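Let's go through a few labels used for this model and see what stands behind each of them. Have the structure open as you read.

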Amino acid sequence: MLKSAAVDWAHLAEFIQKPLATACIAPSSPHLARMMVEHAGLADADTVLEYGPGTGVLTGHILRELGPQSKFAAIEINPRFAAMFQAAFPYVPLFQDSVENVRAICDSMEFATVDRVISGLPWAFFPESRQITFLDEMMRVLRPGGRFVTFGYLQSLALPGARRLAALLPTYFTTVSRSPIVWMNFPPAFVHSCRR
Ligand SMILES: C[S@@+](CC[C@H](N)C(=O)[O-])C[C@H]1O[C@@H](n2cnc3c(N)ncnc32)[C@H](O)[C@@H]1O
């Protein structure tokens, strides 16, 4: 039984109220979480950010892979998810804010640059202007050689936003790849893996 396919009332309620910002009715499955973490290659990362952690389903997988020297923070815009995240991970720095403020957030954490950005944002649902703003702001913190990983849903590949993102990524990153489909996720998903 695919665990994440079980009804998750918090995600469903937020999806009904804010469908385009939430964009998921169920949290990511452990299969997708493992694929994300594998592509991020966290063992040698000193500074890691998570974008849009929701209630923190990827976060546990990320924290398990971080080295003892690694520093980590998460940025979640939704106040309800942020509160649930903080209850689950009371010692993890969580900024209830938008990722477009990532430079100021890094300054407050004393992160000059970051090595990895692991994103759960619903990029395909964002207008192009927001995709560009978020990527431009990410470039102000991601170090050269740093990695950005994010997932997309199979059914959203048909959306103009997904096609725009796929066209934008190679203009920001030197290598961009897409994983095979993770069928054990609801909905099925894939991982974009990018190196600056
Ligand atoms: C598709 S859900 C993913 C949640 C979780 N990471 C997972 O994998 O199940 C997208 C998340 O991105 C958050 N989000 C959307 N726009 C955001 C923004 N501008 N800044 C920070 N978080 C944002 C939403 O509130 C939501 O928690």
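Q: Why is Arg143 called partly exposed?
A: Arg143 has a relative accessible area of 27%. Buried means under 20%, exposed over 50%, and partly exposed in between (1.4 Å probe, protein chains only), so Arg143 counts as partly exposed. Bear in mind that this is a predicted model, where local features need pLDDT of at least 70, side-chain atom pairs count only at pLDDT 80 or more, and totals for chains, interfaces and linings use all residues. Residues are numbered from 1 along each chain as its sequence is written, and side-chain values use heavy atoms, with hydrogens and water left out.

Q: What makes Asp115 and Arg143 a salt bridge?
A: Their closest N and O atoms are 2.5 Å apart. A salt bridge needs a side-chain nitrogen of Lys or Arg within 4 Å of a carboxyl oxygen of Asp or Glu, so this pair qualifies.

Q: How do you know that Asp115 is buried?
A: Its relative accessible area is 8%, so Asp115 falls under the buried cut-off.

Q: Why do Asp44 and Arg116 count as a salt bridge?
A: Here the closest N and O atoms lie 3.0 Å apart, so the pair meets the salt-bridge rule.
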